[in-house]
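Welcome, and please open your viewer. We will take a short walk with a few selections along the way.

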Amino acid sequence: MTPEEAVMTQESDASVPEVSEPGASRSGEAVGALASPRPRIDVSGAATPEGRADTQTVFHCDDIHVYYGDFLALRNVSLDIAAHEVTAFIGPSGCGKTTFLRCFNRMNELIEGARVEGSINYHGVELYQDEVDPVEVRRRVGMVFQKPNPFPKSIYDNIAYGPRLAGAKRSELDDIVERSLTRAALWDEVRDRLKTSAYGLSGGQQQRLCIARAIAVQPDVVLMDEPCSALDPIATGRIEELIAELKTEYTIIIVTHNMQQAARISDMTAFFSVQANEMGQRTGELVEYAPTSLIFTNPDDPRTEAYITGRVG
Ligand SMILES: Nc1ncnc2c1ncn2[C@@H]1O[C@H](COP(=O)(O)OP(=O)(O)OP(=O)(O)O)[C@@H](O)[C@H]1O
Ligand SMILES: [Mg+2]
C-alpha cells in the first residue's frame, strides 16, 4: 500500500499509548482532542471558524529537518501557517515541497525510513509527541493528492467512507454527502448518479470528489499537493475558485508548479530551493517566505526572483 492509500483508508491505531490524564501529556502540554485513543468525532456540527482555536496561527514550524534514511532531504525550515489563508509552496523539483507538506499530517511516518526532526506546533499542541494520535491528526489535516485517487466505490460511498469510519450515523450520511459535494462544487453534476462508480467521472470531477471526500470529515486544514497538475485549464479554474471559497472555512496549504496559480490563489508563498553539498547530496531549504504579492513583485532573494521569472528551476 502506498502512503497515499494508507492515509485514505486509515483507522485509529490502537497501539498508540493512552493518555493517563485527560488533556495532559507527559510533557504537561495540553493535547486535548488530539490525544489517543481518539474521541468520537462529532460530524453533526459544521466546521465553523468560531468552533476552532482562537489563535490565528495554525502551525508553528521550528527548525524542521526531514531525512529519508541517511539522506537529508530538507533542512532548517521554520515558518508559521496562518488560519484561513492559502499558503503556497513553490520551488524546483526535488526541493522538498511534498516532503514538507507531509510533515503537517504526520504522513512521512508512513514512509519507511523517513524521519522528521524539529518541532511543529499545531494550535498549541506539539504534533510530534507520542500522545498525539496520528490518525486524528490526519482527520483534522486532510490531504488531496496530485492525481485524483477516488476509491473504487460509488460517488456516495467515496464521501461517506471517512464519516462512517468516524462513527457517523446512517441517518446523517445523506446530509454529509450532499453538503460535502455542494461545498466542492460538484453536487449539481452528480446528484442524479450518486450510486454510480466514481471512476465514471472526468478527471476534474474526480479531483473535486477527492476534495469533497477530504472535507466530509470536517477537517481544519486541507493540504493539496499539485491538485491541478493533471487537469485542463477549465477544470483547473474550477478548483482554483473552489480553493478561494474553501479558505473561509479551512486553512489551505498548496504545492504548485504553476506560478500564475500561486499568484492568483495564495495569500502567502514559501519559495524552496535545493542546494548540493560537496558530496553531491541535494538538500532542500526555505529561501523566502512572504505575502504572495511581495514574492511576485519584489522578492528579497535573487534566487526567488530567478525562479519566478523562469530563469532557473
Ligand atoms: N519516499 C522517499 N524516499 C526517499 N527519498 C525521497 C522520498 N520522497 C522524496 N524523496 C527525496 O527527497 C527529496 C525531496 O523530494 P520531494 O518529493 O519532497 O520534492 P518536491 O519538491 O515535492 O519535488 P516535485 O516538485 O518533483 O514534486 C528528493 O531528493 C527526493 O528524491
Ligand atoms: Mg512533490
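**A walk from the ligand to a buried strand**

Start with α2, the element that gives the most to the shell around ligand 1, with three residues. Keep in mind throughout that this is a predicted model.

Now widen the selection to the whole shell. Ligand 1 is surrounded by Tyr68, Ala73, the run written as Ser93, Gly94, Cys95, Gly96, Lys97, Thr98 and Thr99, and then Ile111, Arg282 and Gly284. Two elements give two or more residues to this shell: α2 (97-101) and β10 (282-291).

Zoom out for a moment to see the whole protein. It has 11 helices and 10 strands. Of its 313 residues, 43% count as buried. Among contacts between residues at least 6 apart in sequence, 71% join residues at least 24 apart.

Next, select residues 203-215 and 233-246, which are helices α7 and α8. How do their axes meet? They come within 9 Å and cross at roughly 20 degrees. An angle under 35 degrees counts as roughly parallel, so α7 is roughly parallel to α8. The crossing of the two helices is right-handed.

Show the side chains where these helices touch. On α7, pick Gly203, Gly204, Gln207, Arg208 and Ile211. On α8, the partners to pick are Ala235, Arg238, Ile239 and Leu242. By class, this contact of α7 with α8 has four nonpolar, three polar and two charged residues.

For the last stop, select strand β8 (residues 251-255) and centre on Thr251, which has its place there. Is Thr251 buried or exposed? Thr251 counts as buried because it has 25 C-beta neighbours inside 10 Å, and the cut-off for a buried residue is 20 or more.

Which residues is Thr251 in contact with, leaving aside its neighbours within four places in sequence? Select Val58, Ile81, Ala83, His84, Glu85, Asp220 and Val221 to show these contacts.

Definitions and conventions
Residues numbered from 1 in each chain as written. Chains lettered and ligands numbered in written order. Predicted model: local features only at pLDDT ≥ 70, side-chain atom pairs only at ≥ 80, totals over all residues. Near = placed C-beta within 6 Å. Helix = DSSP H or I, 4+ residues; strand = E, 2+ residues; numbered from the N terminus. Axes fitted to C-alpha atoms, helices over the stretch in contact; angles between N-to-C directions. Parallel < 35°, antiparallel > 145°, perpendicular 65-115°, else oblique. Left-handed = near helix turned anticlockwise from the far one by under 90°. Contact = placed C-beta atoms within 7 Å. Nonpolar A, V, L, I, M, F, W, Y, C, P; charged D, E, K, R; others polar. Buried ≥ 20, exposed ≤ 12 C-beta atoms within 10 Å, placed from the backbone.
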